[in-house]
Amino acid sequence: MRRQSMRFVTSQFLHIFSLTFFTVITSSLSQSNQLLVKGGTVVNAHHQQIADVYVEDGVIVSVNPNIKVGDDVTVIDALGKYVMPGGIDPHTHLEFDVGFTATVDDFFSGQAAALAGGTTMHIDFVIPLNGSLIAGFEDYEKKAKKSCMDYGFHMVITKWDENVSREMELMVKEKGINSFKFFMAYKGILMINDELLLEGFKKCKSLGALAMVHAENGDAVYEGQEKMIELGITGPEGHALSRPPVVEGEATSRAIRLADFVNTPLYVVHVMSIDAMEEIAKARKSGQKVIGEPIASGLALDESWLWHPDFDIAAKYVMSPPIRKRGHDRALQAALSTGVLQLVGTDHCAFNSTQKARGIDDFRKIPNGVNGIEERMHLVWDIMVESGQITPSDYVRLTSTECARIFNIYPKKGAILPGSDADIIILNPNSSFEISAKSHHSRLDTNVYEGRRGKGKIEVTIAGGRVVWENDKLKLSPGTGRYIQMPPFSYLFDGLDKKDAIYLNSLQAPVKRAKTSS
(Lines give C-alpha, C1' and ligand atoms only; values in the text may rest on other atoms or scores of the structure.)
Protein backbone atom coordinates (compact mmCIF):
# COMPACT_ATOMS: atom_id res chain seq x y z
CA MET A 1 0.00 0.00 0.00
CA ARG A 2 2.84 2.37 0.91
CA ARG A 3 4.49 1.70 -2.48
CA GLN A 4 1.29 2.62 -4.33
CA SER A 5 0.80 5.84 -2.33
CA MET A 6 4.40 6.91 -2.89
CA ARG A 7 3.91 6.45 -6.66
CA PHE A 8 0.84 8.69 -6.47
CA VAL A 9 2.61 11.40 -4.43
CA THR A 10 5.62 11.37 -6.76
CA SER A 11 3.55 11.65 -9.94
CA GLN A 12 1.37 14.38 -8.43
CA PHE A 13 4.42 16.36 -7.32
CA LEU A 14 5.94 16.18 -10.79
CA HIS A 15 2.61 17.21 -12.31
CA ILE A 16 2.29 20.27 -10.01
CA PHE A 17 5.95 21.17 -10.51
CA SER A 18 5.63 21.08 -14.29
CA LEU A 19 2.55 23.31 -14.21
CA THR A 20 4.35 25.82 -11.99
CA PHE A 21 7.43 25.75 -14.21
CA PHE A 22 5.46 26.40 -17.40
CA THR A 23 3.43 29.18 -15.77
CA VAL A 24 6.68 31.00 -15.07
CA ILE A 25 8.11 30.57 -18.53
CA THR A 26 4.98 31.65 -20.36
CA SER A 27 5.04 35.11 -18.84
CA SER A 28 7.24 36.81 -21.45
CA LEU A 29 6.94 36.11 -25.16
CA SER A 30 7.55 39.46 -26.83
CA GLN A 31 9.91 38.84 -29.73
CA SER A 32 10.79 40.58 -32.95
CA ASN A 33 8.83 39.24 -35.91
CA GLN A 34 12.09 39.33 -37.85
CA LEU A 35 14.85 36.84 -37.26
CA LEU A 36 18.21 35.98 -38.84
CA VAL A 37 19.93 32.65 -38.23
CA LYS A 38 23.49 33.41 -39.26
CA GLY A 39 26.42 31.39 -40.54
CA GLY A 40 25.22 27.84 -39.98
CA THR A 41 25.23 24.82 -42.26
CA VAL A 42 21.70 24.76 -43.63
CA VAL A 43 20.61 21.16 -44.23
CA ASN A 44 17.67 20.04 -46.33
CA ALA A 45 16.79 16.49 -47.35
CA HIS A 46 18.75 16.65 -50.61
CA HIS A 47 21.51 19.19 -50.04
CA GLN A 48 23.32 21.34 -47.53
CA GLN A 49 25.07 24.72 -47.72
CA ILE A 50 26.59 27.35 -45.45
CA ALA A 51 24.05 30.18 -45.46
CA ASP A 52 21.98 32.60 -43.43
CA VAL A 53 18.24 32.10 -42.97
CA TYR A 54 16.08 35.23 -42.80
CA VAL A 55 12.59 35.01 -41.30
CA GLU A 56 9.68 37.43 -41.26
CA ASP A 57 6.30 36.89 -39.60
CA GLY A 58 6.84 33.18 -39.12
CA VAL A 59 7.87 32.41 -42.71
CA ILE A 60 11.31 31.88 -44.24
CA VAL A 61 11.99 34.72 -46.67
CA SER A 62 15.53 34.05 -47.82
CA VAL A 63 18.29 31.43 -47.59
CA ASN A 64 21.57 32.92 -48.79
CA PRO A 65 25.11 33.65 -47.62
CA ASN A 66 25.84 36.99 -45.93
CA ILE A 67 22.33 38.40 -45.64
CA LYS A 68 22.40 42.00 -44.35
CA VAL A 69 19.72 43.13 -41.90
CA GLY A 70 18.93 46.14 -39.73
CA ASP A 71 19.59 46.55 -36.02
CA ASP A 72 15.97 45.74 -35.18
CA VAL A 73 16.32 42.13 -36.38
CA THR A 74 17.09 39.40 -33.84
CA VAL A 75 20.27 37.56 -34.87
CA ILE A 76 21.18 34.03 -33.76
CA ASP A 77 24.74 32.88 -34.39
CA ALA A 78 24.81 29.33 -35.81
CA LEU A 79 28.47 29.20 -36.87
CA GLY A 80 29.78 25.62 -36.73
CA LYS A 81 26.30 24.21 -36.21
CA TYR A 82 23.59 22.58 -38.32
CA VAL A 83 20.46 24.55 -39.17
CA MET A 84 17.67 22.12 -40.07
CA PRO A 85 13.89 21.89 -40.41
CA GLY A 86 12.11 21.23 -37.13
CA GLY A 87 11.16 17.63 -36.60
CA ILE A 88 7.70 16.29 -37.44
CA ASP A 89 6.54 13.37 -35.30
CA PRO A 90 3.97 11.36 -37.29
CA HIS A 91 2.77 9.26 -34.34
CA THR A 92 1.67 10.57 -30.94
CA HIS A 93 -1.10 10.04 -28.40
CA LEU A 94 -1.64 13.14 -26.25
CA GLU A 95 -4.47 13.25 -23.72
CA PHE A 96 -5.48 9.80 -24.97
CA ASP A 97 -8.44 8.38 -23.00
CA VAL A 98 -8.21 4.60 -22.75
CA GLY A 99 -11.37 4.19 -20.68
CA PHE A 100 -9.98 3.71 -17.19
CA THR A 101 -7.36 6.46 -17.44
CA ALA A 102 -5.71 8.88 -19.88
CA THR A 103 -2.13 9.63 -20.89
CA VAL A 104 -0.48 12.17 -18.58
CA ASP A 105 0.80 14.43 -21.37
CA ASP A 106 -1.80 16.77 -22.82
CA PHE A 107 -1.52 19.07 -25.81
CA PHE A 108 0.53 21.56 -23.80
CA SER A 109 2.92 19.43 -21.76
CA GLY A 110 3.49 16.97 -24.61
CA GLN A 111 4.16 19.75 -27.09
CA ALA A 112 6.44 21.54 -24.62
CA ALA A 113 8.48 18.34 -24.39
CA ALA A 114 8.51 18.08 -28.19
CA LEU A 115 9.80 21.62 -28.64
CA ALA A 116 12.56 21.09 -26.07
CA GLY A 117 13.64 18.13 -28.20
CA GLY A 118 13.51 19.89 -31.57
CA THR A 119 10.13 18.67 -32.83
CA THR A 120 7.96 21.53 -34.12
CA MET A 121 4.91 19.62 -35.38
CA HIS A 122 3.23 16.32 -34.54
CA ILE A 123 0.28 14.35 -35.86
CA ASP A 124 -2.00 12.85 -33.21
CA PHE A 125 -4.67 10.16 -33.49
CA VAL A 126 -8.33 11.11 -33.04
CA ILE A 127 -10.45 8.36 -31.48
CA PRO A 128 -14.15 8.33 -32.49
CA LEU A 129 -16.53 9.26 -29.68
CA ASN A 130 -19.41 6.82 -29.28
CA GLY A 131 -18.67 5.63 -32.80
CA SER A 132 -18.83 9.11 -34.32
CA LEU A 133 -15.86 10.51 -36.23
CA ILE A 134 -17.31 14.03 -36.06
CA ALA A 135 -17.79 13.86 -32.29
CA GLY A 136 -14.27 12.48 -31.91
CA PHE A 137 -12.83 15.29 -34.00
CA GLU A 138 -14.69 17.93 -31.97
CA ASP A 139 -13.44 16.33 -28.75
CA TYR A 140 -9.84 16.56 -29.91
CA GLU A 141 -10.35 20.13 -31.10
CA LYS A 142 -11.18 21.02 -27.50
CA LYS A 143 -8.19 19.09 -26.16
CA ALA A 144 -5.89 20.92 -28.56
CA LYS A 145 -6.96 24.45 -27.60
CA LYS A 146 -4.00 24.62 -25.18
CA SER A 147 -1.52 23.76 -27.98
CA CYS A 148 1.76 25.67 -28.15
CA MET A 149 2.97 24.30 -31.51
CA ASP A 150 1.54 23.14 -34.82
CA TYR A 151 -0.24 19.81 -35.04
CA GLY A 152 -2.37 17.67 -37.34
CA PHE A 153 -4.71 14.73 -36.93
CA HIS A 154 -5.07 11.17 -38.17
CA MET A 155 -8.47 9.49 -37.62
CA VAL A 156 -8.98 6.00 -36.17
CA ILE A 157 -11.67 3.75 -37.70
CA THR A 158 -13.18 1.21 -35.28
CA LYS A 159 -16.36 0.08 -37.07
CA TRP A 160 -18.00 0.24 -40.50
CA ASP A 161 -21.37 1.50 -41.69
CA GLU A 162 -22.74 4.16 -44.02
CA ASN A 163 -22.37 6.87 -41.38
CA VAL A 164 -18.67 6.12 -40.96
CA SER A 165 -18.22 6.16 -44.72
CA ARG A 166 -19.93 9.57 -44.97
CA GLU A 167 -17.99 10.97 -42.04
CA MET A 168 -14.68 9.84 -43.56
CA GLU A 169 -15.55 11.90 -46.60
CA LEU A 170 -16.35 14.91 -44.44
CA MET A 171 -13.07 14.54 -42.53
CA VAL A 172 -11.09 14.65 -45.77
CA LYS A 173 -13.03 17.37 -47.58
CA GLU A 174 -13.75 19.71 -44.68
CA LYS A 175 -11.51 18.92 -41.71
CA GLY A 176 -8.08 18.49 -43.25
CA ILE A 177 -7.55 14.83 -42.34
CA ASN A 178 -5.88 12.70 -45.02
CA SER A 179 -5.13 9.47 -43.15
CA PHE A 180 -7.15 6.80 -41.36
CA LYS A 181 -5.80 4.19 -38.97
CA PHE A 182 -7.06 0.61 -38.60
CA PHE A 183 -6.15 -1.54 -35.59
CA MET A 184 -5.55 -5.21 -36.36
CA ALA A 185 -4.93 -5.78 -32.62
CA TYR A 186 -6.69 -5.08 -29.27
CA LYS A 187 -9.41 -7.69 -29.70
CA GLY A 188 -12.80 -6.59 -28.42
CA ILE A 189 -11.70 -2.97 -28.08
CA LEU A 190 -10.25 -1.42 -31.24
CA MET A 191 -9.58 -4.44 -33.47
CA ILE A 192 -11.31 -4.67 -36.84
CA ASN A 193 -11.69 -7.69 -39.13
CA ASP A 194 -10.56 -8.15 -42.72
CA GLU A 195 -13.98 -7.27 -44.12
CA LEU A 196 -13.88 -3.86 -42.42
CA LEU A 197 -10.25 -3.44 -43.45
CA LEU A 198 -11.16 -3.95 -47.10
CA GLU A 199 -14.08 -1.52 -46.92
CA GLY A 200 -11.86 1.04 -45.23
CA PHE A 201 -9.06 0.61 -47.75
CA LYS A 202 -11.48 1.10 -50.64
CA LYS A 203 -12.87 4.27 -49.08
CA CYS A 204 -9.38 5.61 -48.40
CA LYS A 205 -8.43 5.05 -52.02
CA SER A 206 -11.48 6.89 -53.33
CA LEU A 207 -10.81 9.85 -51.03
CA GLY A 208 -7.06 10.04 -51.65
CA ALA A 209 -6.47 9.34 -47.97
CA LEU A 210 -3.65 7.17 -46.64
CA ALA A 211 -4.61 3.89 -44.95
CA MET A 212 -2.57 3.18 -41.81
CA VAL A 213 -2.43 -0.05 -39.81
CA HIS A 214 -1.35 -1.20 -36.39
CA ALA A 215 -0.19 -4.59 -37.60
CA GLU A 216 -0.49 -7.39 -35.06
CA ASN A 217 -2.75 -10.42 -35.34
CA GLY A 218 -5.22 -9.66 -32.55
CA ASP A 219 -6.61 -13.20 -32.38
CA ALA A 220 -3.11 -14.66 -32.02
CA VAL A 221 -2.20 -12.05 -29.38
CA TYR A 222 -5.32 -13.00 -27.38
CA GLU A 223 -4.32 -16.69 -27.53
CA GLY A 224 -0.78 -15.77 -26.53
CA GLN A 225 -2.02 -13.82 -23.53
CA GLU A 226 -4.23 -16.70 -22.39
CA LYS A 227 -1.29 -19.08 -22.72
CA MET A 228 0.99 -16.89 -20.59
CA ILE A 229 -1.62 -16.62 -17.83
CA GLU A 230 -2.09 -20.42 -17.87
CA LEU A 231 1.68 -20.76 -17.44
CA GLY A 232 1.62 -18.42 -14.46
CA ILE A 233 3.53 -15.68 -16.31
CA THR A 234 1.75 -12.54 -15.15
CA GLY A 235 4.58 -9.96 -15.13
CA PRO A 236 5.67 -7.53 -17.87
CA GLU A 237 7.77 -10.21 -19.56
CA GLY A 238 4.49 -11.95 -20.38
CA HIS A 239 3.57 -9.00 -22.56
CA ALA A 240 6.50 -9.61 -24.92
CA LEU A 241 6.10 -13.38 -24.84
CA SER A 242 2.39 -13.18 -25.71
CA ARG A 243 2.86 -11.19 -28.93
CA PRO A 244 6.08 -12.40 -30.61
CA PRO A 245 7.44 -11.02 -33.90
CA VAL A 246 5.59 -13.67 -35.93
CA VAL A 247 2.19 -12.10 -35.11
CA GLU A 248 3.47 -8.70 -36.21
CA GLY A 249 4.92 -10.17 -39.38
CA GLU A 250 1.69 -12.03 -40.24
CA ALA A 251 -0.51 -8.95 -39.82
CA THR A 252 1.92 -6.77 -41.77
CA SER A 253 1.92 -9.29 -44.61
CA ARG A 254 -1.87 -9.53 -44.59
CA ALA A 255 -2.38 -5.75 -44.58
CA ILE A 256 0.11 -5.36 -47.43
CA ARG A 257 -1.63 -8.00 -49.54
CA LEU A 258 -5.09 -6.53 -48.93
CA ALA A 259 -3.80 -3.04 -49.80
CA ASP A 260 -2.33 -4.50 -52.99
CA PHE A 261 -5.66 -6.20 -53.75
CA VAL A 262 -7.42 -2.81 -53.47
CA ASN A 263 -4.46 -0.98 -55.06
CA THR A 264 -4.11 1.70 -52.40
CA PRO A 265 -1.02 2.98 -50.56
CA LEU A 266 -0.38 1.61 -47.06
CA TYR A 267 1.41 3.06 -44.02
CA VAL A 268 2.53 0.57 -41.35
CA VAL A 269 2.93 2.31 -37.99
CA HIS A 270 5.53 1.42 -35.33
CA VAL A 271 7.45 -1.30 -37.23
CA MET A 272 9.18 -3.12 -34.37
CA SER A 273 10.51 -6.38 -35.80
CA ILE A 274 12.61 -7.89 -38.55
CA ASP A 275 9.54 -9.94 -39.48
CA ALA A 276 7.44 -6.85 -40.29
CA MET A 277 10.34 -5.00 -41.88
CA GLU A 278 11.04 -7.86 -44.28
CA GLU A 279 7.42 -7.91 -45.44
CA ILE A 280 7.65 -4.18 -46.19
CA ALA A 281 10.95 -4.65 -48.01
CA LYS A 282 9.47 -7.40 -50.18
CA ALA A 283 6.43 -5.29 -51.07
CA ARG A 284 8.44 -2.19 -51.91
CA LYS A 285 10.83 -4.23 -54.07
CA SER A 286 7.83 -5.39 -56.09
CA GLY A 287 6.78 -1.78 -56.64
CA GLN A 288 3.98 -1.58 -54.10
CA LYS A 289 3.54 1.72 -52.27
CA VAL A 290 4.12 0.80 -48.65
CA ILE A 291 5.53 3.12 -45.98
CA GLY A 292 7.23 1.70 -42.90
CA GLU A 293 7.55 3.76 -39.71
CA PRO A 294 9.91 2.51 -37.01
CA ILE A 295 9.88 4.43 -33.75
CA ALA A 296 12.57 5.70 -31.41
CA SER A 297 12.16 2.95 -28.81
CA GLY A 298 12.52 0.23 -31.45
CA LEU A 299 15.77 1.74 -32.65
CA ALA A 300 17.28 2.39 -29.22
CA LEU A 301 16.08 -0.34 -26.83
CA ASP A 302 15.75 -4.10 -26.46
CA GLU A 303 13.28 -6.29 -24.60
CA SER A 304 15.61 -7.26 -21.73
CA TRP A 305 14.15 -4.43 -19.63
CA LEU A 306 10.82 -6.31 -19.49
CA TRP A 307 12.57 -9.02 -17.43
CA HIS A 308 13.82 -6.52 -14.82
CA PRO A 309 13.08 -7.74 -11.26
CA ASP A 310 11.59 -4.36 -10.28
CA PHE A 311 8.02 -4.19 -11.60
CA ASP A 312 8.03 -0.39 -11.85
CA ILE A 313 11.08 -0.46 -14.11
CA ALA A 314 9.88 -3.38 -16.24
CA ALA A 315 6.35 -2.01 -16.66
CA LYS A 316 7.46 1.32 -18.08
CA TYR A 317 8.75 -0.54 -21.17
CA VAL A 318 5.37 -2.18 -21.96
CA MET A 319 4.09 -1.03 -25.36
CA SER A 320 2.62 -2.70 -28.45
CA PRO A 321 4.03 -4.14 -30.57
CA PRO A 322 6.62 -4.93 -27.90
CA ILE A 323 10.20 -3.75 -27.88
CA ARG A 324 12.07 -6.73 -29.37
CA LYS A 325 15.19 -8.77 -28.65
CA ARG A 326 18.59 -7.29 -29.40
CA GLY A 327 19.26 -7.55 -33.13
CA HIS A 328 15.89 -6.23 -34.22
CA ASP A 329 17.07 -2.71 -33.33
CA ARG A 330 20.12 -2.93 -35.58
CA ALA A 331 18.08 -4.42 -38.41
CA LEU A 332 15.60 -1.53 -38.23
CA GLN A 333 18.47 0.96 -38.24
CA ALA A 334 19.92 -0.69 -41.34
CA ALA A 335 16.50 -0.62 -43.01
CA LEU A 336 16.28 3.13 -42.38
CA SER A 337 19.74 3.70 -43.82
CA THR A 338 18.93 1.77 -47.01
CA GLY A 339 15.47 3.25 -47.61
CA VAL A 340 13.44 0.15 -46.76
CA LEU A 341 11.86 2.19 -43.96
CA GLN A 342 11.07 5.84 -44.58
CA LEU A 343 10.66 7.93 -41.41
CA VAL A 344 10.85 7.78 -37.62
CA GLY A 345 7.99 8.37 -35.18
CA THR A 346 7.65 7.86 -31.43
CA ASP A 347 4.20 6.50 -30.53
CA HIS A 348 4.55 8.81 -27.51
CA CYS A 349 1.88 7.46 -25.16
CA ALA A 350 2.76 8.46 -21.61
CA PHE A 351 1.44 6.55 -18.59
CA ASN A 352 3.07 7.13 -15.20
CA SER A 353 4.09 4.59 -12.56
CA THR A 354 0.75 4.74 -10.78
CA GLN A 355 -1.13 4.04 -13.99
CA LYS A 356 1.23 1.22 -15.00
CA ALA A 357 0.80 -0.37 -11.54
CA ARG A 358 -2.76 -1.28 -12.49
CA GLY A 359 -1.25 -4.41 -14.05
CA ILE A 360 1.03 -5.42 -11.20
CA ASP A 361 -0.68 -8.83 -11.00
CA ASP A 362 -1.66 -9.15 -14.68
CA PHE A 363 0.43 -7.76 -17.55
CA ARG A 364 -2.74 -7.49 -19.67
CA LYS A 365 -3.88 -4.59 -17.46
CA ILE A 366 -0.69 -2.53 -17.85
CA PRO A 367 -1.55 0.47 -20.06
CA ASN A 368 0.61 0.26 -23.19
CA GLY A 369 2.94 3.12 -24.05
CA VAL A 370 6.37 4.72 -23.75
CA ASN A 371 7.73 8.24 -24.08
CA GLY A 372 9.76 9.62 -26.99
CA ILE A 373 8.37 12.94 -28.24
CA GLU A 374 11.24 14.88 -26.60
CA GLU A 375 13.97 12.29 -27.15
CA ARG A 376 13.45 11.22 -30.78
CA MET A 377 15.53 13.87 -32.54
CA HIS A 378 18.53 13.40 -30.25
CA LEU A 379 18.35 9.61 -30.37
CA VAL A 380 18.15 9.43 -34.17
CA TRP A 381 21.13 11.78 -34.53
CA ASP A 382 23.24 9.84 -32.02
CA ILE A 383 22.25 6.35 -33.21
CA MET A 384 22.20 6.99 -36.95
CA VAL A 385 24.36 10.01 -37.81
CA GLU A 386 27.11 9.72 -35.20
CA SER A 387 27.53 6.05 -36.11
CA GLY A 388 27.96 6.94 -39.78
CA GLN A 389 24.87 5.04 -40.92
CA ILE A 390 23.24 8.15 -42.43
CA THR A 391 24.19 11.72 -43.40
CA PRO A 392 22.76 14.95 -41.95
CA SER A 393 20.59 15.26 -45.08
CA ASP A 394 19.26 11.73 -44.48
CA TYR A 395 18.52 12.77 -40.89
CA VAL A 396 16.39 15.67 -42.11
CA ARG A 397 14.54 13.35 -44.48
CA LEU A 398 13.84 10.72 -41.80
CA THR A 399 12.79 13.13 -39.04
CA SER A 400 10.94 15.82 -41.01
CA THR A 401 10.84 16.00 -44.80
CA GLU A 402 9.47 12.57 -45.64
CA CYS A 403 6.70 12.95 -43.10
CA ALA A 404 5.77 16.29 -44.69
CA ARG A 405 5.74 14.67 -48.15
CA ILE A 406 3.70 11.64 -47.08
CA PHE A 407 1.05 13.81 -45.44
CA ASN A 408 1.09 16.37 -48.24
CA ILE A 409 2.31 19.46 -46.39
CA TYR A 410 5.71 19.80 -48.07
CA PRO A 411 7.36 22.30 -48.56
CA LYS A 412 5.26 24.33 -46.11
CA LYS A 413 6.75 21.95 -43.56
CA GLY A 414 9.89 19.84 -43.65
CA ALA A 415 12.17 22.28 -45.49
CA ILE A 416 14.29 25.37 -45.06
CA LEU A 417 13.28 27.15 -48.24
CA PRO A 418 11.79 30.56 -49.06
CA GLY A 419 8.06 30.33 -48.34
CA SER A 420 8.37 27.47 -45.84
CA ASP A 421 7.15 27.88 -42.29
CA ALA A 422 9.96 29.05 -40.02
CA ASP A 423 10.15 25.82 -38.01
CA ILE A 424 13.89 25.53 -37.49
CA ILE A 425 16.33 23.78 -35.16
CA ILE A 426 19.99 24.50 -34.50
CA LEU A 427 21.95 21.37 -33.62
CA ASN A 428 25.48 21.48 -32.23
CA PRO A 429 27.24 18.26 -33.32
CA ASN A 430 30.02 18.82 -30.78
CA SER A 431 27.74 19.16 -27.78
CA SER A 432 26.33 16.27 -25.74
CA PHE A 433 22.98 15.37 -24.20
CA GLU A 434 21.83 13.25 -21.30
CA ILE A 435 18.28 11.97 -20.84
CA SER A 436 16.61 11.85 -17.44
CA ALA A 437 13.13 12.01 -15.94
CA LYS A 438 14.51 14.69 -13.59
CA SER A 439 15.15 17.09 -16.46
CA HIS A 440 12.71 16.12 -19.20
CA HIS A 441 9.60 18.22 -19.89
CA SER A 442 6.98 15.47 -20.04
CA ARG A 443 4.72 15.01 -17.01
CA LEU A 444 5.96 11.43 -16.78
CA ASP A 445 7.73 10.37 -13.59
CA THR A 446 9.87 7.89 -15.56
CA ASN A 447 11.81 7.77 -18.82
CA VAL A 448 12.58 4.62 -20.82
CA TYR A 449 15.88 6.19 -21.95
CA GLU A 450 16.94 7.11 -18.41
CA GLY A 451 20.67 7.87 -18.16
CA ARG A 452 21.35 7.64 -21.88
CA ARG A 453 24.02 10.00 -23.16
CA GLY A 454 24.98 10.91 -26.68
CA LYS A 455 26.42 13.48 -29.04
CA GLY A 456 24.57 16.14 -30.97
CA LYS A 457 22.44 18.55 -28.96
CA ILE A 458 19.58 20.70 -30.18
CA GLU A 459 20.41 24.09 -28.69
CA VAL A 460 17.71 26.23 -30.31
CA THR A 461 14.17 25.47 -31.48
CA ILE A 462 12.26 28.03 -33.54
CA ALA A 463 8.55 27.38 -34.12
CA GLY A 464 6.57 29.64 -36.42
CA GLY A 465 9.38 32.17 -36.32
CA ARG A 466 9.44 32.33 -32.49
CA VAL A 467 12.43 31.17 -30.46
CA VAL A 468 10.79 28.71 -28.07
CA TRP A 469 13.84 26.76 -26.82
CA GLU A 470 17.20 28.39 -26.09
CA ASN A 471 19.77 28.12 -23.30
CA ASP A 472 17.91 25.07 -21.97
CA LYS A 473 14.79 27.15 -21.32
CA LEU A 474 11.34 27.05 -22.89
CA LYS A 475 9.36 30.18 -23.80
CA LEU A 476 5.83 29.05 -24.53
CA SER A 477 2.27 30.24 -24.53
CA PRO A 478 -0.78 27.93 -24.51
CA GLY A 479 -3.09 28.46 -27.44
CA THR A 480 -0.43 29.58 -29.92
CA GLY A 481 -0.32 26.27 -31.80
CA ARG A 482 -2.09 25.93 -35.14
CA TYR A 483 -4.06 23.07 -36.57
CA ILE A 484 -2.47 22.19 -39.92
CA GLN A 485 -4.92 20.84 -42.49
CA MET A 486 -3.45 18.11 -44.67
CA PRO A 487 -4.89 17.78 -48.20
CA PRO A 488 -5.60 14.40 -49.84
CA PHE A 489 -3.82 12.73 -52.76
CA SER A 490 -0.17 12.93 -51.75
CA TYR A 491 2.57 11.72 -54.08
CA LEU A 492 1.82 8.15 -52.97
CA PHE A 493 -1.32 8.21 -55.12
CA ASP A 494 0.56 9.10 -58.29
CA GLY A 495 0.21 6.35 -60.89
CA LEU A 496 -2.57 4.38 -59.20
CA ASP A 497 -4.99 5.04 -62.07
CA LYS A 498 -2.46 3.67 -64.51
CA LYS A 499 -2.03 0.51 -62.44
CA ASP A 500 -5.82 0.08 -62.28
CA ALA A 501 -6.03 0.45 -66.06
CA ILE A 502 -3.29 -2.13 -66.61
CA TYR A 503 -5.15 -4.51 -64.31
CA LEU A 504 -8.44 -4.09 -66.16
CA ASN A 505 -6.76 -4.57 -69.54
CA SER A 506 -5.07 -7.74 -68.32
CA LEU A 507 -8.25 -9.54 -67.32
CA GLN A 508 -9.27 -10.85 -70.74
CA ALA A 509 -12.78 -10.95 -69.35
CA PRO A 510 -15.69 -11.20 -69.48
CA VAL A 511 -15.48 -13.92 -72.07
CA LYS A 512 -18.20 -13.72 -74.73
CA ARG A 513 -19.71 -17.15 -75.13
CA ALA A 514 -22.26 -18.28 -77.69
CA LYS A 515 -25.53 -19.24 -76.14
CA THR A 516 -26.40 -22.86 -76.79
CA SER A 517 -29.78 -24.49 -76.50
CA SER A 518 -30.02 -27.43 -74.17
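Two strands are said to pair if DSSP finds at least two bridges between them. Helices (H or I, at least four residues) and strands (E, at least two) are themselves DSSP runs, numbered from the N terminus.

Colleagues, the model before you is predicted: local features need pLDDT of at least 70, side-chain atom pairs count only at pLDDT 80 or more, and totals for chains, interfaces and linings use all residues. Residues are numbered from 1 along each chain as its sequence is written, and side-chain values use heavy atoms, with hydrogens and water left out.

I begin with the strands. Strand S14, residues 453-463, pairs with strand S15, residues 466-470, in the antiparallel sense over 4 bridges. Across this pairing, Ile462 stands opposite Val467 in S15. The two strands form a hairpin with 2 residues between them, and Gly464 in that turn has a positive phi of about 60°.

S15 also runs antiparallel to strand S16, residues 473-474, to which 2 bridges join it. Here Glu470 has Lys473 in S16 as its bridge partner. S15 and S16 likewise form a hairpin with 2 residues between them; in the turn, Asn471 has a positive phi of about 55°.

I turn now to Glu402, which lies in helix H15, residues 392-406. Is Glu402 buried or exposed? Glu402 counts as buried because its relative accessibility is 8%, buried meaning under 20% relative accessible area with a 1.4 Å probe and protein chains only.

Which residues does Glu402 touch, not counting those up to four places away in sequence? They are Gln342, Arg397 and Tyr491, where contact means heavy atoms within 4.5 Å.

Methods:
Buried means under 20% relative accessible area, exposed over 50%, partly exposed in between (1.4 Å probe, protein chains only).
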